[in-house]
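Open the model in your viewer and turn on chain colouring. This tour goes from one interface to the next.

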4 protein chains.
Amino acid sequence: MSREHLKDIQSEFDERNLPINQVGVKDISYPVIVLDKIGGEQHTVAKVNMYVDLPHHFRGTHMSRFIEILNRYRTGISTTKIREILRDMQTVLEAESAFFEITFPYFITKSAPVSKEQAKMEYICRLVGQSSVPYYMLEVKVPVLSLCPCSKEISEYGAHNQRSIITIQIKAHEKIWIEDIVAVAEQSASSELYSILKRDDEKYVTERAYEKPMFVEDMVRSAAEKLIALDGVLWFSVESENMESIHNHSAYARIVKTLKL
Amino acid sequence: MSREHLKDIQSEFDERNLPINQVGVKDISYPVIVLDKIGGEQHTVAKVNMYVDLPHHFRGTHMSRFIEILNRYRTGISTTKIREILRDMQTVLEAESAFFEITFPYFITKSAPVSKEQAKMEYICRLVGQSSVPYYMLEVKVPVLSLCPCSKEISEYGAHNQRSIITIQIKAHEKIWIEDIVAVAEQSASSELYSILKRDDEKYVTERAYEKPMFVEDMVRSAAEKLIALDGVLWFSVESENMESIHNHSAYARIVKTLKL
Amino acid sequence: MSREHLKDIQSEFDERNLPINQVGVKDISYPVIVLDKIGGEQHTVAKVNMYVDLPHHFRGTHMSRFIEILNRYRTGISTTKIREILRDMQTVLEAESAFFEITFPYFITKSAPVSKEQAKMEYICRLVGQSSVPYYMLEVKVPVLSLCPCSKEISEYGAHNQRSIITIQIKAHEKIWIEDIVAVAEQSASSELYSILKRDDEKYVTERAYEKPMFVEDMVRSAAEKLIALDGVLWFSVESENMESIHNHSAYARIVKTLKL
Amino acid sequence: MSREHLKDIQSEFDERNLPINQVGVKDISYPVIVLDKIGGEQHTVAKVNMYVDLPHHFRGTHMSRFIEILNRYRTGISTTKIREILRDMQTVLEAESAFFEITFPYFITKSAPVSKEQAKMEYICRLVGQSSVPYYMLEVKVPVLSLCPCSKEISEYGAHNQRSIITIQIKAHEKIWIEDIVAVAEQSASSELYSILKRDDEKYVTERAYEKPMFVEDMVRSAAEKLIALDGVLWFSVESENMESIHNHSAYARIVKTLKL
């Protein structure tokens, strides 16, 4: 039995006159290769969502074609490649609009501040492209250390501090490197984090954080100032979530700003 | 030492001229009571986010006040009460704008279709209020059964089917009951789900689903038609995520529509 | 068509001679009421797993009966009630052995150390009963603050600290209250946590933590000493997971000890 | 200031006489390379836990050394390499016993049954080694399709089916390939899953599943039979969790069997 003999239910005419904004595949795990700033390729494992619009007169889309496209592009994902993927989705799925979203862990090799020992740190990234707008959206989650200025000020000694997650989203059409977004966040905290710290490094990080206390509000303001100054950023959102060491919930702050959209 | 003698670091003047859109507490778990359609109160456990804006000349907000407000309102959460909570947040935190978001499991007692045996089904709900807009946003996640029309049509016998999650979001200012949103979703699937099914019920559900095959696209269109007809809905989004039984990823569709905003 | 006419496939004879250790329902969300130490009832929402063994000559069990039993007992869950539930499961499902596992958030009202302001703190609990052993297993997860002794010692000022999760599991046949397990964990950390802290409280907690630095190893040893002294404990495991504020991973320690099994 | 001058708090004498069973690092994300059956190397991203015991007279361990060891072995993880990692941990951390646990997504390229189109499927794997026992534990999670025999038997047409997760754990000292465990699980279900299915493939999978209905109990028995016959397996556990398409909870079964330990 050949494929032609099977009825194409998805192409049936639909009479409800309701165009569908997004239809496609969601939450597929796939091994991908992303480009990094130092010129190399980085193997990682991504969660991918791919959608197109569905004109009101079609009943369904062809789900297998999304995976075929993912197969084609999986070895070279980048902020600039995303436009080519979107165009391919529009053509292959005969769609007006296309949406591509990919979330992946990205690793940067860091040196400890004193011992210079090297190890890798993970940053969770998300890249979104839409054919309807000329820019992409890049999100980077950067774990950092925050030390509370109020706690430092009012206490005889010590100050509560904790791990925080700074989440930066930017919209841009030119290439902006994940590494540069990470730098903005790490410079906007009481201290950056490391996977390896020897004793001298731990002393250095502890003292640096105590010398640079920052509220959750200070952190997003500091990052916002740096994002305003970053070439090519059209819009940004910066959030910080401090997993408070004195509470079982988080302190949170967010700034959103349109620069050039 | 009395509280007055402790320096109020949060009220310090901030010179960076960057107003903060949202600052507050995130991901606090709290026991709450929500009202249900049949006139009763439902005890549940919620995750709550509460934010206010921070004018550019203040350095920080007062985090403890958010929890005090949550304590005050936790025994009577509803779509209409949310405006009172927002006003209280604005007053207590001396803020221009307030944001309140609460996510909780909600249970409805259902009777099996033939045996009439009763058990409870869980629906995850999220309610969001913002002082800057005159409506609230209510999201309800409804697990249902979807049976693939293509698989049914092309196969000699059987048809793949699976659990799907229909997520409906509505904006409204009048009261809309969770139960009514659940009904929209459950009527827009191949079958609704139950916590208890005896053998006669299982036969009934299996046959009903086979008689009513629906693509992920059909489900969101069907729900959209019902939401357009529902009194008081100003805007809606309806998504379905089918956890495909033949794949390890989901099929997905979404319709978004503004009616009266 | 009446139920009797439907073939009972689950009772068919199975010839593979492989007894099944556990069969039943998993991950059902259900509203339950648990008893607390101060004599009240606490409404919460649980995830429940219920299994029985299946003799090698039966092909399947009857899944709907598990939910019927859960319905019967959901309004009075306690460490002592669990034996009655297990006996009921054995009878109704004609099984040699039964297994019941329930995980739920539990709330304790706490007063801040100086201001005495009250708010609720969440502790995730898990209770497991098995008909084959005469004791139950109770697990309580307690978020606390840990301050690093090494960081304090080597630094001119400050010390990194963070939220930690102490997980205590005990086996017992007599009633042991969740509140007593929470107390063991909270006294074994640099400080306990609170949902509300005013400025005086924050000063108190910050200084107390700095005065009581503890490694992850110290915390599990301190809790172990207290569990050894707690009446009725037959076996325990105590783990601490410190979500290090200087790293993006956790420091971890565990002690397991059989006392009277 | 050189490292030697900083006091080594971790090596202090501890007088509580409580040996710690496990101490180390938990939940570190790291890029690793694992070996696959067809002779290649597979890049993936792992979560790693590494613990050693701590004799009662030491106060703490040296956390940074765990990451140094991980760095050394990350490009060649395999079931046989794990013994070398454990020995290195014992030496470097001066410990009696060592524990190494790594969880990672693993991808296998599969061909659709009729069209032969190729795409990758994800299987979540976990590998655990302990110096105190001469074998490793390998866990593989395999998503499959299950079709209910009861629903098929009692219904005029159709049968409910759904995605299930078969989790197989084996203990072994010889090399056993992930691919062979996946094959056991996929042959023990109503059908295996694929990332790409064209229309002819979907017809094939739908009909095959309808022809091979299996209860959750049947699936674990079928897998158990195959694991008993698999060379080198000393012990196994096989679980299936069926994410029922007619319920919002799972049906579950498990068989555990010691063969040669």
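The stops below cover the two chain pairs of this predicted model.

**Stop 1: chains A and B**

Select chain A and chain B. The contact draws on 52 residues of chain A and 53 residues of chain B. About 4300 Å² is buried between the two chains, and carbon and sulfur atoms give 57% of that area.

Now show the side chains. Between chain A and chain B there are 2 salt bridges. For one of these, pick Glu241(B) and Lys26(A): their closest N and O atoms are 3.5 Å apart.

Which elements of chain A give two or more residues to the side that touches chain B? Select strands S1 (20-35), S2 (41-54) and S9 (250-258), then helices H1 (63-73), H3 (149-154) and H6 (216-228) of chain A. By class, this side of chain A holds 28 nonpolar, 11 polar and 13 charged residues.

**Stop 2: the strand pair across A and B**

Zoom to Ser250(A): its bridge partner in S1(B) is Lys26(B).

**Stop 3: superpose A on B**

A turn of 180 degrees with a shift of 0.0 Å along the axis does it, at an RMSD of 0.0 Å. The same surface serves both copies, as 100% of the contact residues of chain A recur in chain B.

**Stop 4: chains D and C**

Switch to chain D and chain C. Here 52 residues of chain D touch 52 residues of chain C. The buried area is about 4300 Å², with 57% on carbon and sulfur atoms.

This interface has 2 salt bridges. Pick Glu241(D) and Lys26(C), a salt bridge whose closest N and O atoms lie 3.5 Å apart. Polar contacts link 14 residue pairs between chain D and chain C, with both residues at pLDDT 80 or more.

Next, select S1(C), residues 20-35, together with S9(D). They pair in the antiparallel sense over 5 bridges. Opposite Ser250(D) in S9(D) stands Lys26(C).

**Stop 5: superpose D on C**

How values were computed. Residues are numbered from 1 along each chain as its sequence is written. Chains are lettered from A and ligands numbered from 1 in the order in which they are written. This is a predicted model: local features need pLDDT of at least 70, side-chain atom pairs count only at pLDDT 80 or more; totals for chains, interfaces and linings use all residues. Side-chain values use heavy atoms; hydrogens and water are left out. Contact means heavy atoms within 4.5 Å. Buried area is the accessible area (1.4 Å probe) that two parts lose on being put together, summed over both. A salt bridge is a side-chain nitrogen of Lys or Arg within 4 Å of a carboxyl oxygen of Asp or Glu. Helices (H or I, at least four residues) and strands (E, at least two) are DSSP runs, numbered from the N terminus. Ala, Val, Leu, Ile, Met, Phe, Trp, Tyr, Cys and Pro count as nonpolar, Asp, Glu, Lys and Arg as charged, and the others, Gly among them, as polar. Two strands pair if DSSP finds at least two bridges between them. Copies are superposed by least squares on the C-alpha atoms of residues with pLDDT of at least 70 in both. A polar contact is a pair of N or O atoms within 3.5 Å; within protein, one must be able to donate a hydrogen and the other to accept it, and residues adjacent in sequence count only if both atoms are side-chain atoms.
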